[in-house]
Every structure is written in structure tokens, then in C-alpha cells.
Amino acid sequence: MLQAYSDSELRSVLANIDVSVPKRSKGRSKEHTERYAIAHLLSALIGKDRLLYPLCLVRRERPDFLLTLNAAQIGIEHTEAVPQNEAHRTVLREEGNSPGVFFISHHQPGETKKPRKELVEEIEANRSGDGWVGDSVETEWADAMFHFIKQKVATLQKDGFERFEQDWLLIYDNWPLPALDRRKAANFLQNLVNESTVLNEFTRIYVITGKYISEVSSEQIQLFEINDLWK
């Protein structure tokens, strides 16, 4: 997928990657979101003592990427964190079933899939529902991200999944929430991770939220700003 021998060459290579992600109703695919996520992750890690050269990235399956840094091999598994019902609502809104301005709704990780008719009715009703108080935005985000982390830990145990010297998890965060305090949310997620055994499976967990990437590891929480090479 790409090779680079220095930070400057990596910047140049990444800048030439098409990271556009179509609307869900316009042909968005897993390949679009994976390419967007891995390119933004690498751009954020430039100059952060995480990358060694020569660098080689290969797109594959189980895990989704193999990143070679000098001689070290790192498997990177990718997932998108989005409520399945909200993803379907987005498609329905894009198809014209939308009041224009709509309220953000609460979602539960692993929620039951709703039929199209019910989702259209909810879109048309556009009820505000319960709001968020205190740090509930950040705790809801952390709970959602942890749900997807646990799902991917289970994926690691399946037949045919290859393990490497390190295994990273990359999460493309599309969980709908208002005014998220990213650092506070990342700290909540770090606490959940520390209380579990997931870091026995994933050396590092990266979550892309807007223009920032949260890094969760056994060391300390890090928040990196993405180098926007695609302006």
C-alpha cells in the first residue's frame, strides 16, 4: 500500500492518498473508512517516536494491515464505532427522510437493529429525548469505545487471525455525541481498559475522533492532533 524511508517521504506519500469517504448512501465501503483511518493515524504519529524507517504498510485481512517499522512487524485491526441504527438513519436522511435539523439521540452499544419503518418514524418525530448532564457525554463515549474494543478482542481469538510482535487496534469514531471533552473521555476509556485485560491482546489502541487521535496503552494516555496533509 505504501513505503517510506523518512518522515518527509511519508508525509509526501500520505498526501497523495485519496482519503475521501463518500456518504453512506453514496457507496461508502469498508475500504474507504480503512484507508481514511490508517492514513490519518500515520500522519498523527509522524514525529511522535512511534515510527521507524524503512516503513512499509500492506493492506490485508485478519488483521486489516501489516505495518513494518524497520524490522518490527505490527498487525493493525480496524473497526468503525457507530450505532447501527444511527448509521441506517443517516442513509435514510440522505435519501430525503429528514427534517433538516435534528436532535442527537442516546445510543446503547450493541443495540438491537430496528426496521426501516420504525427508523423513518423516529426521524419524522425528531424528539429531543433526554439530554446529557455532568460528564455523561464522556462516560457514554468511553463505554461505547470499550464495547468495540471488546468485540475486537474476541475477533483476535478466531481461527485465521494472524498475530504479530505487536497488535494495534484502530477505531474510526463516528459515535454521535454533543460537545465531547476528548481528554476527559480518553481518561475514562483508559480507566476501563486498565481494569480489564485487553492490553494483553492489543499493545496500543488508537481512536480517531475528529481532528484528534487518542492513544491508549499500558503507559499513559496520549492525545495527538492529526497532521492534516489533505487540505
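Which residues are exposed on the other side of helix 4? I found K117 and E124 exposed there (over 50% relative accessible area, with buried meaning under 20%, for a 1.4 Å probe and protein chains only).

I noted that this is a predicted model, in which local features need pLDDT of at least 70, side-chain atom pairs count only at pLDDT 80 or more, and totals for chains, interfaces and linings use all residues. Residues are numbered from 1 along each chain as its sequence is written, and side-chain values use heavy atoms, leaving out hydrogens and water.

Helix 4, residues 116-125. I listed L119, V120 and I123 as buried. Viewed down the helix 4 axis, its buried residues fall within an arc of 100° and so line one face of the helix. These buried residues of helix 4 pack against helix 3 (84-94), with contact meaning heavy atoms within 4.5 Å. N126 follows helix 4 and has a positive phi, near 50°.

Helices 5 and 6. I recorded that helix 5 (residues 136-156) and helix 6 (residues 182-194) pack at an angle of about 45°, their axes 8 Å apart. Helix 5 contributes E138, T139, W141, A142, D143, M145, F146 and I149 to the contact, and helix 6 contributes K184, A185, A186, F188, L189, L192 and V193.

Definitions and conventions. Axes fitted to C-alpha atoms, helices over the stretch in contact; angles between N-to-C directions. Helix = DSSP H or I, 4+ residues; strand = E, 2+ residues; numbered from the N terminus. Arc of directions from axis to C-beta.
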